[in-house]
Amino acid sequence: MRFTVLVMIAVGIALYLGGWSARWAVEHSSEIGTVVVGQWQATPFAGAPDADPYSKARLAMLGNLTLGIGEGIQFRSDSDGAGRPLRRECTYVIEGTTPPARIFTLAAYLPEGQLLRPSAGRPGWLTSNNLMRQDDNSFEITVGSRARSGNWLATSGSGRMTLVLSLYDTPASAASGASSLSLPTVRRESCDNG
Amino acid sequence: MARLFLALMIGVVGAGLVHIAVIFAMPDVARRNGWSRLADLGKPTELVRVEALDSTPDSVLASADAAAGEFAFVDPAFVTAGCRFSLTEGPVRIHATQNDPAFWSASIYNRRGDNLYSINDRSAVANAFDLLVGTHDQLVDKSAAEDAPETQIPVEVEMTEGYMTIRVLVDEESKRPNVDAFVSSMKCQPSPVDDAVSTNSIAGGASRQGG
């Protein structure tokens, strides 16, 4: 009887602790295999056959369509240069340059990945082909709910958001040097309610 | 007391094993992976469009619990499409009958979501999207049986089931009709080796004559 109880304790601990820790690890292991550049994070190995098991498990749970390693790389940011979370009621200025890429796009999403689609006629996403640039090829994009001259990415509503900068057909996605890239900075300009 | 301690230790070690087993099993048992989300959108070998998840202020809460076939962080600047296929019957030809000058990028994944192959418009022959996906043996049989079109690219993969995704850039709204036509002209056709094809077509022809 005593022995049975001990076995049950051992098995119970193994199953419960093992299952819980696996779940916790998948949900909180986002930094494994993640490359951080300034405010931007990317998981260049997501979907690669030789990715680490945690990234694979995470990807299976999220079910995203990943960009292949040869296709491009997707950087996400949910905080500004000062570390404050990005909010839809605020206006941000994104300036700088990206690593060489044939195309890059910038769009705003909810943290769960739904696209922020502003009302009709407003630009909900930008592509590099249509950007206005400075003489030195750098660009400045204003993200906010009020129309701006120059490059403007429209947002709407309030709450948190995630900016996604996707580079397509870029040598940066050959993951070797992803952490030494220079990416644009995100600066908060103003907020509607202070 | 010592035995209880031993039981606890065995439990902790067992937890480690369970942890490792769960992590490794996850890609195969997860119900909401890329494959099953594509399966919600359409039948095998059917080309389906993947739309970006929308958010309107009212539906934010409703859609937080993602429903069938929805993918997060889909790039709105692209028309994204995909199809699932199986290599058990022979190689699969994925091709578009039209060409489009827009930037496109395609990838092939196995069922677990491992990216096995990528191609874009620059690496394609004459900008044509024409892939023959199969295992090594299937591709050898196929090339022995018939001549492939010049633009066709054989893609050798070791898997039985997988899916393809393609993204076509729409950088200006005026280009959307062309891109739509390009994506609509894509097919994921099983293309078994010759004798199987001829038997099928004879059988099909006979039954049509009979009926």
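A residue counts as buried if 20 or more other C-beta atoms lie within 10 Å of its own, as exposed if 12 or fewer do, and as partly exposed in between, with C-beta atoms placed from the backbone. By this definition I32(A) is partly exposed, because 16 other C-beta atoms lie within 10 Å. The model is predicted: local features need pLDDT of at least 70, side-chain atom pairs count only at pLDDT 80 or more, and totals for chains, interfaces and linings use all residues. Residues are numbered from 1 along each chain as its sequence is written, while chains are lettered from A and ligands numbered from 1 in the order in which they are written.

I32(A) sits in the loop between α1 (2–28) and β1 (35–37) of chain A. Helices (H or I, at least four residues) and strands (E, at least two) are DSSP runs, numbered from the N terminus. Not counting residues up to four places away in sequence, I32(A) touches D52(A), Y54(A) and S55(A). Contact requires C-beta atoms, placed from the backbone, within 7 Å. S55(A) is 23 residues from I32(A) along the chain, and their C-alpha atoms are 7.1 Å apart.

Chain A is divided into domain 1 (1–30) and domain 2 (34–191). These bounds come from an automatic or database domain assignment. The domain centres, taken over C-alpha atoms, are separated by 39 Å. Four residues of domain 1 of chain A contact five residues of domain 2 of chain A. On the domain 1 side, two are nonpolar, two polar and none charged. Here Ala, Val, Leu, Ile, Met, Phe, Trp, Tyr, Cys and Pro count as nonpolar, Asp, Glu, Lys and Arg as charged, and the others, Gly among them, as polar.

Strand pairing requires at least two bridges found by DSSP. In chain A, β4 (residues 90–96) and β8 (residues 139–144) run antiparallel and are joined by five bridges. V93(A) of this pair stands opposite T142(A) in β8(A). β8(A) also pairs with β9 (residues 151–154) of chain A, in the parallel sense, over four bridges. There the bridge partner of T142(A) is W152(A).

Chain B holds an open sheet of four strands, in the order β8-β7-β4-β10, with mixed pairing. β8 (153–156) and β10 (186–190) of chain B are at the edges with a single partner strand each, so one side of each has no neighbour in the sheet. Neighbouring strands are turned by 20 degrees against each other on average, direction ignored. β4 (residues 92–96) and β7 (residues 130–134) of chain B pair antiparallel over four bridges. V92(B) has V133(B) as its bridge partner in β7(B). Helix α4 (residues 136–145) of chain B packs on the sheet, touching β7 and β8 of chain B, and its direction makes about 125 degrees with that of β7(B). Axes are lines fitted to C-alpha atoms, for helices over the stretch in contact, and angles run from 0 to 180 degrees between N-to-C directions.

The contact between the chains takes 52 residues from chain B and 55 residues from chain A. α1(B) gives the most to the chain B side, with 18 residues. That side has 30 nonpolar, 15 polar and seven charged residues.

A nonpolar core is a set of buried Ala, Val, Leu, Ile, Met, Phe, Trp, Tyr and Cys residues joined through C-beta atoms within 7 Å. The largest has 77 residues, and Y109(A), L163(A), L165(A), V168(B) and L169(B) have the most contacts inside it. Strand β5 (residues 103–109) of chain A gives the most to this core, with six residues.

Technical notes
Two residues are in contact if their C-beta atoms, placed from the backbone, lie within 7 Å.
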